[in-house]
Amino acid sequence: CEEALAGSRFLCGSRVSEADVRLLPTVVRFDGVYAPFFRCGRFQVRSDYPRLQRWCGEMLRLTGPGLFDLDDARRGYYTDLFPLNPG
């Protein structure tokens with residue numbers, strides 16, 4: 001994604017595309033839920049991918065602040081899926 005965002009505002013150019021809309025939930029949840037839960041947190045969006053961080057901030061400004069509830073996502077992963085990842 002970093003390369004794709006090097007020369008454009010959004011993933012596929014200057015306008016929001018379906019790719020942007022579909023990637024947003026994953027990026028929003030990555031640092032706070034996916035990285036610690038699945039132990040894939042060697043790199044973080046907020047510190048290691050500046051273009052993706054910029055893109056995410058811009059997408060969240062376009063969609064509004066109440067689109068994602070990160071605490072609810074954490075509760076879902078750590079309570080509903082706990083038997084899958086007890087460690």
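The structure is a predicted model, in which local features need pLDDT of at least 70 and side-chain atom pairs count only at pLDDT 80 or more, whereas totals for chains, interfaces and linings use all residues. Residues are numbered from 1 along each chain as its sequence is written, and side-chain values use heavy atoms, with hydrogens and water left out.

**Overall architecture**

The chain contains four helices and zero strands, where helices (H or I, at least four residues) and strands (E, at least two) are DSSP runs numbered from the N terminus. Read from the N terminus on, the order of elements is α-α-α-α. Taken along the principal axes, the C-alpha atoms fill a box of roughly 45 × 25 × 20 Å. Of the 87 residues, 30% count as buried; buried means under 20% relative accessible area, exposed means over 50%, and partly exposed lies in between (1.4 Å probe, protein chains only). Among contacts with a separation of 6 or more, 67% come from residues 24 or more positions apart, a contact being heavy atoms within 4.5 Å.

**Helix 1 and its partners**

Helix 1 (residues 18-37) and helix 4 (residues 70-80) have axes that come within 10 Å and cross at roughly 20 degrees, which makes helix 1 roughly parallel to helix 4. Axes here are lines fitted to C-alpha atoms, for helices over the stretch in contact, with angles running from 0 to 180 degrees between N-to-C directions; angles under 35 degrees count as roughly parallel, over 145 as roughly antiparallel, 65 to 115 as roughly perpendicular and the rest as oblique. On the helix 1 side, the contact is made by Val-28, Arg-29, Gly-32, Val-33, Tyr-34, Pro-36 and Phe-37, and on the helix 4 side by Leu-70, Ala-73, Arg-74, Tyr-77 and Tyr-78. By class, this contact has nine nonpolar, one polar and two charged residues, with Ala, Val, Leu, Ile, Met, Phe, Trp, Tyr, Cys and Pro counted as nonpolar, Asp, Glu, Lys and Arg as charged, and the others, Gly among them, as polar.

The axes of helix 1 and helix 3 also come within 10 Å, but they cross at roughly 110 degrees, so that helix 1 is roughly perpendicular to helix 3. Here Asp-20, Val-21, Leu-23, Leu-24, Val-27 and Val-28 of helix 1 meet Leu-52, Trp-55, Cys-56, Met-59, Leu-60 and Thr-63 of helix 3. The classes in this contact are 10 nonpolar, one polar and one charged.

**Individual residues**

| Residue | Relative accessibility | Class |
|---|---|---|
| Phe-37 | 4% | buried |
| Tyr-49 | 29% | partly exposed |
| Phe-43 | 40% | partly exposed |
| Pro-50 | 58% | exposed |

Phe-37 lies in helix 1, and its C-alpha atom is separated by 24 Å from that of Glu-2, 35 residues apart along the chain. Pro-50 belongs to helix 3 (residues 50-63); Pro-50 and Ala-6 are 44 residues apart in sequence and 9.9 Å apart in space, C-alpha to C-alpha.

Phe-43 and Tyr-49 form an edge-to-face aromatic pair, with 6.3 Å centre to centre and 65 degrees between the planes. Rings of Phe, Tyr and Trp (its six-membered ring) pair if their centres lie within 6.5 Å, and planes under 30 degrees apart count as stacked, over 60 as edge-to-face and the rest as tilted. By this rule, the count comes to one aromatic pair.
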